[in-house]
Amino acid sequence: MDHALLERKVVFFAGKGGVGKSTSASAFALCAARQGKRVLLVSTDPAHNLGDIFHAPIGGEGITRVAANLDALEVDAHRETHRYLDGVKENIRRTVSSTMMEEAMRQIDLAAHSPGATEAALFDRMVSLILEESQDYDLLVFDTAPTGHTVRLLTLPELMGTWVDGLLKRRRKRNKDYSHWLGDGEVPDDPLYDVLSRRRQRAAAMRDILLDDSATAFVFVLVPEYLPITETRNAIRELAAWDIHVRHLVVNKLLPADVTDAFFRERLAREERWLDRIDEYFHDLHQVRLPLLPGDVDSREALDQVAAAIEAELSKR
Ligand SMILES: Nc1ncnc2c1ncn2[C@@H]1O[C@H](COP(=O)(O)OP(=O)(O)OP(=O)(O)O)[C@@H](O)[C@H]1O
Ligand SMILES: [Mg+2]
């Protein structure tokens, strides 16, 4: 991991369940805050645990101060889904005839339970945090849900772009046909077209930020074992296909090198073999290696310890 990671505007922490995403994201955020950056740490994992890590009641609507220069926010997937659909209803009200209204509203309420609705809503909030709500911060750190969910979330703008483009194209044609039929050359007012093109612009702005290496970084967290390594490789490949390039790894929970008993010597030998694999598979990525602490990272002291380890690794380069 290079020092420049601290110069980014947006840093995502992703990885398999339980590998230490929340711990690493929190410790990294703390480390940046200590260096004087104004940091907002955001959890988009429906199973939040920033509150437990910082021993502070986070959640509800608001942003909570958890340390000097460091605020935290747990995005509530359920509330965002309803907020998002209310926004959709608002747009529809302006565009649908009153005879269709009741049915349209019923369809939107049903959509709350459809697959993808939560992702769309979480993504929408993520976009507004990055594009509109972050003026007071130098750095946004995202603690995300386990890999599959995150990959879907990050590749949404691309999908949405194509989907909205298709709709826009059809609307444009329809509007042109209308003006042709009316014979007056005037393009009719089309609020739906305006809504769609605003959506398109927002998605494009978000995409520009996600793909800008100097603004955004993606950090994959893993432990030196078979499954997390495989899952990380696959996810990195999948994201690369969408032009999202992962350049940083946190390799977490490394055993101390001086263990003496036979059981732990054997674990250590295995770990060394997996670390060699990590070097081989991810040779073009920066690595930060973090020690396994004797207990869980559930106190401020332990979190400070992880933050200090990250800081030491960052200043190596
Ligand atoms: N370096 C470490 N040393 C000791 N314990 C650790 C270390 N890193 C993380 N842990 C512990 O491992 C557990 C999982 O960590 P964490 O919650 O950060 O993982 P996660 O990837 O965010 O999990 P989830 O996928 O459930 O969100 C926690 O109990 C945490 O305290
Ligand atoms: Mg977590």
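This is a predicted model: local features need pLDDT of at least 70, side-chain atom pairs count only at pLDDT 80 or more; totals for chains, interfaces and linings use all residues.
For bookkeeping, residues are numbered from 1 along each chain as its sequence is written, while chains are lettered from A and ligands numbered from 1 in written order. Local features need pLDDT of at least 70, side-chain atom pairs count only at pLDDT 80 or more, totals for chains, interfaces and linings use all residues, and side-chain values use heavy atoms, without hydrogens and water.

Next I looked up the overall build. I found 10 helices and eight strands (DSSP runs, H or I of at least four residues for helices, E of at least two for strands, numbered from the N terminus). The C-alpha trace spans about 85 × 40 × 35 Å along its principal axes. Of the 317 residues, 47% count as buried (under 20% relative accessible area, 1.4 Å probe, protein chains only).

Then ligand 1. I see 19 residues around ligand 1, with Lys21, Ser22, Thr23, Leu293 and Val297 the closest (a heavy atom within 4 Å counts). A polar side-chain atom of Thr23 sits 2.5 Å from a ligand oxygen. For polar backbone atoms, I noted 2.8 Å from a ligand oxygen at Ser22 and 3.0 Å at Gly20. Taken alone, ligand 1 exposes 630 Å², and the protein buries 81% of that (Shrake-Rupley method, 1.4 Å probe).

Last, Tyr178. I placed Tyr178 in helix H6, residues 147–182. Its relative accessible area is 35%, so Tyr178 is partly exposed (between 20% and 50%).

Definitions and conventions
A polar contact is a pair of N or O atoms within 3.5 Å; within protein, one must be able to donate a hydrogen and the other to accept it, and residues adjacent in sequence count only if both atoms are side-chain atoms.
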